[in-house]
Amino acid sequence: MIDYPKIVVTPPGPKARELVKKDERFISPSYVRFYPLVVESGKGCIVRDVDGNEYIDFNSGLACLNVGHNHPKVIDAIKKQCDRFLHYSNTDFYYNEVIMLAEKLVEITPGNFEKKVYFGNSGTEAVEAAIKLARWHTRKQLFIGFINAFHGRTIGSLSFTASKPTQRRYFFPLMPGVNHVPYPYCYRCPFKQTYPDCHYWCVDFIDEFVLQKYAPPEDVAAIVFEPIQGEGGYVVPPPEYFQRLKKFADKYGILLIDDEVQSGIGRTGKWFAIEHWNVEPLKKLADKYGILLIDDEVQSGIGRTGKWFAIEHWNVEPDIICSAKALASGLPLGATIAKAKVMDWVGGSHASTFGGNPLSCAAAIAVIDAIKEERLLENATKQGAYIMKRFEELKEKSEIVGDVRGKGLMIGVEFVEDKDSKKPAPQKANEIMIRSWKRGVAVITCGISTLRIVPPLNITRELVDAGMEIVEDVVKEVEKEK
C-alpha cells in the first residue's frame, strides 16, 4: 500500500487562500492558473501544498520535471556548482559546463551529422533563435506554421502560436511572413477527411494550395512544427505524416524546425532499438512454429536508440531542434540544436547574457545522466502504455471519452458531449480536472477539452494506479451528472 495522495484539508486550504489573495494584489494578471494549488515542496512524483496536502503529480510542473521533484542527482549537481560559480556570461567567455552539455545534446538529438548548440533561457527563446537562424542561413523571409500550435509568447514565436485568440489579441502586427496551415488532427480533421482514406491530403494541401498559390517555395525559409501538439490538445499525427512533410521540404530546400520544448528529453519514451519497428508479423510467424525471438541489443540497447525526442517516432531528422522545459529540471534553460552547416551565423548575430547559465547546465547534465542510468525512457514507455490501455478501456464504457492519444508519458484524453457529435466538452474536462485535484491528483487540461497526463518519467506503477483510480472515478461521476 502507498500513502499517497494525502488530503488533510479540502483544497484550497486557509494558507493557500491567503497567498492567492496576495498574488492577486501583486502579480501580473496575465498568468493563467488552472486551480489554486500553492506549492510548498516536492519530492519525486509527489507535490505538497502549503496546507499539508500531498498530491500525485500528473503535471510534472508543466512537463518540466521529467526526473521528478528534487532528484538527488540534480540537487547534488546544483549544490556543487553553487560552490564554484553562478555566472560568467557564456556569450563573452568560456566554461566547461556549457560545453559538456552541448556535447551531450549533440549525442542524444536525432541525426548522424555534425551539430552545434545555442543556449538561451526558455522555450520561446529557443524558438526565437531557430527563426533567426533559419533567416540567416537561408536569406529567406517566409515561414510555414500550423493552426493549433503553441511556440511561445515573445513576438517572433507568438507569430507561430495559433491555439487561442487570447494569446494573440491586441499584439498585432506580429512578425510578417508566417503562413499557417491545418495540423493533422485526425480526430477533428479540418478537411473533414478520414484517415487513411485521406491519403495525407493535409500534406499535399501545403504544396498545392500554399506553396503553389501564394507562398513561393523559393522564398520559404522553414516549416516550424511540434511533433505532438502540446497546448493545442496533445494531438498526434498519423504514421507517415512527417516523412511526407520532410520529402517535399527537401524537394524545395526548406528547413524543418522541430519544437520539442514540451515533448523532448525522453517524454515520449522508448529505450531499445527493436521498439522502433512493428515486430508483430515476425512474432506471429515465430509463435506459429514455436520459434523464440532473440533480440541482440548489446550495441543498440540501453538508450542508444532511445527516443529522447518525439520526432524520432516518425524516423525524421530535423534541421533544427528546440528544447527547454525538462532540459534543466525546471531551471531556466533553452537550447537550439542545429546541423552545423545550418548554424553558420557570425559573432554578434545572436546572443544571450544568461543563456547557458552554469547552474542550469549542471542540472541539465545531471538530468540526462539520470534518465540514462535509471532507464527512464523504458519506464516512460511502459507506464505510458499502461495508462493508455486504462483510458482506452474507459473509453469503451464511457460516452464522454472521445479520443485517447499520445506516446510514452505524453498522453491526452479528449472529452466530448457524446461520441456521435464529437462536440467538445470543455466544462466537463475542467470539472474532471478540478475534482481530480481536490482528491489528490494534480492534473491539467489543454486544447479545448483535453486532459493531459504528463507525470515524471520515473513514476511507479503504484502511483500510476492510485492516480488513475481517482481520475477514472471522477470521469464516471461527471458523466452520470450530465
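Q: How far apart are the end C-alpha atoms of helix α3, and what span should its 13 residues have?
A: The end C-alpha atoms of α3 (residues 72-84) are 19 Å apart, which agrees with the 18 Å that 13 residues should span at 1.5 Å a residue. The expected span is 1.5 Å times one less than the number of residues. Helices are DSSP runs of H or I with at least four residues, strands are runs of E with at least two, and both are numbered from the N terminus.

Q: What are the conventions behind these values?
A: This is a predicted model, in which local features need pLDDT of at least 70 and side-chain atom pairs count only at pLDDT 80 or more, while totals for chains, interfaces and linings use all residues. Residues are numbered from 1 along each chain as its sequence is written, and side-chain values use heavy atoms, with hydrogens and water left out.

Q: Which residues of α3 are buried?
A: Val 74, Ala 77, Ile 78 and Gln 81 are the buried residues of α3. They lie on the same side of the helix, because they cover an arc of only 100 degrees around the axis. The arc is taken over the directions from the helix axis to the C-beta atoms. Buried means under 20% relative accessible area, exposed over 50%, and partly exposed in between, with a 1.4 Å probe and protein chains only.

Q: Why do residues three or four places apart point the same way?
A: An α-helix has 3.6 residues a turn, so residues with that spacing point the same way.

Q: What covers the buried side, and which exposed residues are on the face turned away from it?
A: The cover over the buried residues of α3 includes α4 (96-108) and α10. The face turned away carries the exposed residues Pro 72, Lys 79, Lys 80 and Asp 83.

Q: Changing topic: how many aromatic pairs are there?
A: The structure holds 17 aromatic pairs. Rings of Phe, Tyr and Trp (its six-membered ring) pair if their centres lie within 6.5 Å; planes under 30 degrees apart count as stacked, over 60 as edge-to-face and the rest as tilted. One of these pairs is Tyr 118 with Trp 345, which is edge-to-face because the planes are at 70 degrees, with the centres 6.2 Å apart.

Q: Where do those two sit in the chain?
A: Tyr 118 belongs to strand β4 (residues 115-120), and Trp 345 to the loop between β10 (334-339) and α10 (358-373). The pair links distant parts of the chain, 227 residues apart. Tyr 118 and Trp 345 are both buried.

Q: Which aromatic cluster includes Trp 201?
A: Phe 191, Trp 201, Phe 205 and Phe 209 form one aromatic cluster. At 25% relative accessibility, Trp 201 is partly exposed.

Q: Which lysine lies over the face of Phe 209?
A: Lys 213 does, at 5.9 Å from the ring centre. Elsewhere, the charged end of Lys 407 sits over the ring of Trp 314, 5.4 Å from its centre. The criterion is NZ of Lys or CZ of Arg within 6 Å of the ring centre and within 35 degrees of the ring normal.

Q: Next, Thr 336: buried or exposed?
A: Thr 336 counts as buried, at 1% relative accessibility, and is located in strand β10. A polar atom of the Thr 336 side chain lies 2.9 Å from the backbone oxygen of Ala 126. Not counting residues up to four places away in sequence, Thr 336 touches residues including Tyr 118, Ala 126 and Met 343, where contact means heavy atoms within 4.5 Å.

Q: And the backbone: which peptide bonds are cis?
A: Among them are the bond from Pro 11 to Pro 12 and the bond from Phe 172 to Pro 173, with omega near 0 degrees. Pro 12 is in the segment before α1 (14-26), whereas Pro 173 is in the loop between α6 (155-158) and β6.

Q: What is phi of Asn 148?
A: Phi of Asn 148 is near 85 degrees, a positive value in a residue other than glycine. Asn 148 lies in the loop between β5 (142-146) and α6 and is buried, with a relative accessible area of 18%. Lys 192 also has a positive phi, about 60 degrees, but is exposed at 73% relative accessibility.

Terms used: A polar contact is a pair of N or O atoms within 3.5 Å; within protein, one must be able to donate a hydrogen and the other to accept it, and residues adjacent in sequence count only if both atoms are side-chain atoms.
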